[in-house]
Number of protein chains: 2
Amino acid sequence: MAELLTSRLGYLLKHAQLNFSQSGARALESLGINGRQLAVLVVLDAAEPLSQLDAANELGVDRTTMVALVDELEAKGLVERRRSPDDRRKNIVELTAHGKNTLAEGERRHQQTEKAFLADLTPIEADLFVRILKKLAADAEAPVDQPEAATGKEKKED
Amino acid sequence: MAELLTSRLGYLLKHAQLNFSQSGARALESLGINGRQLAVLVVLDAAEPLSQLDAANELGVDRTTMVALVDELEAKGLVERRRSPDDRRKNIVELTAHGKNTLAEGERRHQQTEKAFLADLTPIEADLFVRILKKLAADAEAPVDQPEAATGKEKKED
DNA sequence: TATTGTTATACTCTATAACTATA
DNA sequence: TATAGTTATAGAGTATAACAATA
């Protein structure tokens with residue numbers, strides 16, 4: 001891989017993310033879910049049951065994308081759709097018992113993956129790293145003073 | 001966005017990367033290239049001219065993907081293909097004068113984007129962050145000691 | 001009329017397979 | 001036979017548009 005590129009921040013972020021998501025996928029493999037699906041389970045395991053649209057908004061995906069995500073989880077017996085009695089347009093999506101068990105075990109493995117991923121760092125370094133990362137992930141706009149850079153106002157809503 | 005998810009490392013890496021690449025795209029917009037294309041220019045601006053396959057290997061993409069990348073840059077007049085005299089199967093890809101200018105200005109803006117992105121950090125923090133990121137990006141294998149104690153029984157592959 | 005879930009469709013990104021021209 | 005570039009194609013992943021049911 002290009003030595004030249006290894007000092008570029010974008011490259012580093014991309015590949016750190018890639019490595020991490022691959023580790024996560026391996027750890028979850030025998031559970032029969034992937035990281036994406038675990039994230040959906042996390043969101044759906046809310047205090048109050050969520051509609052598909054609620055969950056989609058939480059996850060930052062389109063509602064049409066949510067249909068497929070729920071389809072997958074339902075096919076695995078991890079969640080169930082039911083019509084909301086309050087508003088019959090809405091599908092309330094709830095975890096089954098199997099879904100809750102899978103979520104718990106998935107979360108355990110996820111913690112372990114994070115721990116392994118940061119294992120080479122001292123606790124102080126790991127803390128700092130995560131703190132910085134939170135800031136960079138939150139930063140919706142990182143303005144670069146660029147004269148004619150078109151003042152792009154594209155809004156990334158998550 | 002889901003508060004629950006903001007503490008997940010994968011989420012943070014993904015969105016930090018997303019924010020950064022969007023900043024980069026904005027900064028490069030008026031130059032008529034995107035971050036991807038700048039990275040290709042960086043690779044192609046090597047000491048010795050590269051073939052498409054060389055460049056593809058440097059970038060970590062397939063040679064079929066490289067065709068399209070070179071097509072784009074050539075359409076913009078930033079690079080030129082020429083048949084290698086040594087091995088006529090190979091396309092040597094070289095930057096045009098316009099390509100070199102664009103690369104220089106793109107690099108300048110890229111530096112500025114990185115600087116802006118890390119602006120909130122002290123130099124020490126920024127250094128540490130990049131150092132950690134390099135380690136995590138390099139980590140090809142992040143072994144997770146697999147517990148094997150799965151709650152869910154089925155092994156479902158879609 | 002507006003909203004939720006759904007389907008069909010399209011678009012992006014990338015890889016695999018097959019073809020060509022070279023070696 | 002093998003390799004470099006190319007094309008066609010397919011597979012994720014996700015978005016837009018249109019439609020049915022419901023509000």
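Colleague: Which helix gives the most to the surface near DNA strand C?

Modeller: In this predicted model, helix H3 (52-59) and helix H4 (63-75) of chain A, together with helix H4 (63-75) of chain B, each supply at least two residues of the surface near DNA strand C. The helix that gives the most to this surface, with four residues, is H4(A).

Colleague: How many residues of the surface near DNA strand C are charged?

Modeller: Among the 18 residues around DNA strand C, those that come nearest are Ser51(A), Gln52(A), Leu53(A), Asp62(B) and Arg88(B). By class, the surface near DNA strand C has five nonpolar and six polar residues, while the number of charged residues is seven.

Colleague: How are H3(B) and H4(B) oriented to each other, roughly parallel or roughly perpendicular?

Modeller: The axes of helix H3 (residues 52-59) of chain B and H4(B) come within 9 Å and cross at roughly 105°. Angles of 65 to 115 degrees count as roughly perpendicular, and the two helices H3(B) and H4(B) are therefore roughly perpendicular.

Colleague: How many nonpolar residues are in the contact of H3(B) with H4(B)?

Modeller: On the side of H3(B) the contact is made by Gln52(B), Leu53(B), Ala55(B) and Ala56(B), and on the side of H4(B) by Arg63(B), Thr65(B), Met66(B), Val67(B) and Val70(B). Of these residues two are polar and one is charged, and the number of nonpolar ones is six.

Colleague: Over which residues of chain A is the pLDDT below 50?

Modeller: The mean pLDDT of chain A is 83, and 83% of its residues reach 70 or more. The stretch with pLDDT below 50, which has 29 contacts in the model beyond near neighbours in sequence, is residues 141-158 of chain A.

Methods. Residues numbered from 1 in each chain as written. Chains lettered and ligands numbered in written order. Predicted model: local features only at pLDDT ≥ 70, side-chain atom pairs only at ≥ 80, totals over all residues. Near = placed C-beta within 6 Å. Nonpolar A, V, L, I, M, F, W, Y, C, P; charged D, E, K, R; others polar. pLDDT = per-residue confidence, 0-100. Contact = placed C-beta atoms within 7 Å. Axes fitted to C-alpha atoms, helices over the stretch in contact; angles between N-to-C directions. Parallel < 35°, antiparallel > 145°, perpendicular 65-115°, else oblique.
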